[in-house]
Amino acid sequence: MSNDSEEKDSSETRVDRRLARPRLKEGLIPADSGIFLRIEVGNEKGRTFDLSRGGTYLIGRDGADIALDDAKISRKHVEISLLGPDAYFLRDLASTNGTFINGKRLQDWSPLRHEDRIRVGDTVLYFAIVEGSIRISR
């Protein structure tokens with residue numbers, strides 16, 4: 001027979017981190033390429049995210065790789081994958097209010113291109129690819 005603490009533990013949802021695949025934070029992005037997201041419309045207008053390392057990033061609220069201050073977005077709203085030259089993708093994660101690229105609702109995976117505008121909630125993000133750039137170390 002189990003005690004109360006065991007029963008409580010068995011009803012909780014736990015994540016076994018050994019089974020969950022880690023989000024890739026490095027990809028096949030050429031060293032002379034810069035990839036950026038800039039908030040054009042929203043509470044944090046002007047804020048820029050450098051994604052030049054490539055990989056996969058979660059966009060959402062608190063706890064996301066790219067956390068946005070917008071009550072209309074889900075905690076896990078959309079995923080951006082930067083897997084190599086011309087291999088940039090966006091995937092909505094069954095968000096409540098949806099994700100839009102250049103005004104069209106995202107249905108599944110969608111390729112991303114230079115100057116695409118991504119709307120999540122009331123926030124509009126500008127996707128930019130700068131090729132042939134020179135990295136400046138800080």
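Predicted model: local features only at pLDDT ≥ 70, side-chain atom pairs only at ≥ 80, totals over all residues.
Modeller: Local features are given only at pLDDT of at least 70 and side-chain atom pairs only at pLDDT 80 or more, while totals for chains, interfaces and linings use all residues. Residues are numbered from 1 along each chain as its sequence is written, and side-chain values use heavy atoms, with hydrogens and water left out.

Colleague: What makes a set of residues a nonpolar core?

Modeller: The term covers buried Ala, Val, Leu, Ile, Met, Phe, Trp, Tyr and Cys residues joined through side-chain atoms within 4.5 Å, where buried means under 20% relative accessible area with a 1.4 Å probe, protein chains only. The largest such core has 23 residues, of which Leu37, Leu51, Leu68, Ile80 and Phe127 touch the most other members. Among the elements that give two or more residues to this core are strand 1 (33-41) and strand 11 (123-131).

Colleague: Which residues does Leu51 touch, not counting those up to four places away in sequence?

Modeller: With contact taken as heavy atoms within 4.5 Å, Leu51 touches Ile35, Leu37, Tyr57, Ile66, Ile80 and Leu82.

Colleague: Why are strand 4 and strand 9 said to stand at the edges of the sheet?

Modeller: Strands are DSSP E runs of at least two residues, numbered from the N terminus, and two of them pair if DSSP finds at least two bridges between them. The open sheet has the order 4-3-5-6-9 with mixed pairing; strand 4 (66-67) and strand 9 (109-111) each have a single partner strand, so one side of each is left without a neighbour in the sheet.

Colleague: How do you know that strand 3 and strand 5 pair?

Modeller: Five bridges join these antiparallel strands, against a requirement of at least two, so strand 3 and strand 5 count as paired.

Note on methods
Buried < 20%, exposed > 50% of the residue type's maximum accessible area, 1.4 Å probe, protein only. Helix = DSSP H or I, 4+ residues; strand = E, 2+ residues; numbered from the N terminus.
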